[in-house]
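Me: Could you walk me through one part of this model in detail? I would like to start from a single position and then see how the rest of the chain is arranged around the points you pick.

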Amino acid sequence: MKKAKLTGRIVSPGDPDYDEARTNNNLSLPKFPSKIVFCQKTKDVVNALKWVRENNEDFRLRSGRHSYENYSLVNHGIVIDVSEMNDITVHNEEGTARIEAGANLGQVYRALWEHGMTIPGGTESSVGLVGLALGGGIGMLSRPFGLTCDHLIEIEMVAASGQQGAELIRANREMNSDLFWASCGGGGGNFGIVTALTFKLQAIADVTLFAIVWEWNDFEVAFDAWQKWAPFTDERITSQIELKSKEVGEVVVQGIFVGPPSELKKLLRPLRKSGTPTEVWLKEVPYMKAVRFFDVPSGNQPALRKRSGSFIEKPFPHVAIMRMKQFLENAPNRNASIWQQSLRGAVGQIASNRTAFYYRNALIAQEYITSWEHAEEEKQNVQWVEALRRMLSPFTMGDYVNFPDQSIENWPTAYYGRNFTRLREVKTKYDPYNVFRFPQSIPTNRKWL
């Protein structure tokens, strides 16, 4: 039998671009692969998977480099990177787009906007679309239009076949429908190497941006007003709140309304009348300007980071609000914050078992965030995030698989809830030899590895 060969653009230690090629968005967990294979076409992906199987090499899959725990990197193994496969083909008559797995959100939003279309997705332009979608995909259009995966209609994936082979398969609601179900919230890298996604598109034109800012002394009243308003207000509004460290001393609400400023002004009244906002503004803009507004440059720059998260199913009582405030008063640095985004709306109109994304009933997705400048600060920052997560755990549920945290002990339930059992069945069927494995990957039913 003819042995597989690695094809595509291959970067190895010693090459001038190796350091750039091995670097992910999170610098705090560096890894040193023996090779990074940048695939240019599906055949390169097939060849790479065959090669690692024939040579029994450790490997990881990568697209956007935003794996929080750097699960897309490996020491002394192969990284199969699809980021140079990024063609986007829009079919206007069908209202669909086929998007290769290496496209990032910035590329996707720009290409679709030329046709007056979009898909609901995240905010940072360098995030890979495939990782976002496979984990569910929350963002600033979640409440009117649902998750990114809710617009997915087909995936193309290179799967492991036989003892050492690789084959391209497709999954949609009719063909390999169980794999398609699992790919709508089951997380990236668990079942195979996705090479392309086809989406149903959403028409979009002008939207209204808004922001409201309070000072630190309005912390409790501002947060409580937002949490009791944001998941329940008009479904055309998706908003986020950032609770900043006391050193910064701000509470900032921002959002998008798919409608005119005149309507939004009335809808914002409960927030505007809470506490004493120092800033309130709203502005109608083309959707692409809103995309750029939420694309914070620092989020796209590699940095020393730690993040974790959870979901909120009912509004926080006063004691939980005070615990958040206490942690932010004792933040490890001024960059530490707690970020939340409103859910329900269209997200909650789909049953929890209809897709692998389990947390359809959550009101809010929550993220604990910190970054630091010097390596010796890592322990203090990581401990702050973990302590914050534990402290709020009586009032929260689970965690979003796209906010992975290696310290979560019961991660299968945290990420997947009651859908985990079915996800293991899909894993066993499509990857019986557990070829696609990494810390916190879905195990087969054969053996826990």
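Is Gly-64 buried or exposed, and which residues does Gly-64 touch beyond those up to four places away in sequence?

Reply: Gly-64 is buried, because its relative accessible area is 16% (buried is under 20%, exposed is over 50% and partly exposed lies in between, using a 1.4 Å probe and protein chains only). This is a predicted model, so local features need pLDDT of at least 70 and side-chain atom pairs count only at pLDDT 80 or more, while totals for chains, interfaces and linings use all residues. Residues are numbered from 1 along each chain as its sequence is written, and side-chain values use heavy atoms, with hydrogens and water left out.

Gly-64 belongs to the loop between β3 and β4. Not counting residues up to four places away in sequence, Gly-64 touches Ser-126 and Gly-128 (contact means heavy atoms within 4.5 Å). Leu-129 is 65 residues from Gly-64 along the chain, yet their C-alpha atoms are separated by 7.5 Å.

The next residue to look at is Arg-65, which sits in that loop too, with β4 covering 78-81. Arg-65 is also buried, because its relative accessible area is 17%. Its phi is near 70°, a positive value in a residue other than glycine. Most residues other than glycine have a negative phi. Asn-176 is another case, with a positive phi of about 50° although it is not a glycine. Asn-176 is in the loop between β9 (165-171) and α6 (177-182), and at 25% relative accessible area Asn-176 counts as partly exposed.

Going back to strand β3 (residues 59-62), we find Arg-62. Arg-62 has a relative accessible area of 2%, which means that it is buried. Its side chain meets that of Asn-24 in a polar contact of 3.0 Å (a pair of N or O atoms within 3.5 Å; within protein, one must be able to donate a hydrogen and the other to accept it, and residues adjacent in sequence count only if both atoms are side-chain atoms).

Thr-208, in strand β12 (residues 206-215), is buried because its relative accessible area is 0%. The side chain of Thr-208 reaches the backbone oxygen of Gly-259 at 2.6 Å. Apart from neighbours within four places in sequence, the contacts of Thr-208 include Ile-256, Phe-257, Pro-260, Leu-264, Leu-282 and Glu-284.

Val-194, in strand β10 (residues 193-200), counts as buried because its relative accessibility is 9%. Leaving aside neighbours within four places in sequence, Val-194 is in contact with Ala-101, Val-130, Leu-134, Ile-155, Glu-156 and Met-157. From Val-194 to Ser-262 there are 68 residues in sequence and 43 Å in space, C-alpha to C-alpha.

Now for an exposed position. Arg-354 lies in the loop between β17 (337-342) and β18 (364-372), and Arg-354 is exposed because its relative accessible area is 54%. Beyond neighbours within four places in sequence, Arg-354 contacts Arg-173 and Trp-181. Asn-419 is 65 residues from Arg-354 along the chain, with 9.5 Å between their C-alpha atoms.

Helix α15 (residues 420-430) has buried residues that include Phe-420, Leu-423, Val-426 and Tyr-430, along with Arg-424 and Lys-427. The buried residues of α15 pack against β8 (152-161), β9, α6 and α14 (411-416).

Finally, the setting for all this. The chain has 15 helices and 18 strands (DSSP runs numbered from the N terminus: helices are H or I with at least four residues, strands are E with at least two). Buried residues make up 59% of the 449 in the chain. Among contacts between residues at least 6 apart in sequence, 73% join residues at least 24 apart. The C-alpha atoms fill a box of roughly 75 × 55 × 45 Å along the principal axes. The radius of gyration of the chain is 22 Å, which agrees with the value near 22 Å for a compact globule of 449 residues (taken over C-alpha atoms, with a globule rule of 2.2 Å times the number of residues to the power 0.38). The accessible surface comes to about 18400 Å², and 48% of it belongs to carbon and sulfur atoms (Shrake-Rupley method with a 1.4 Å probe; for residues, only the protein chains shown count as cover).
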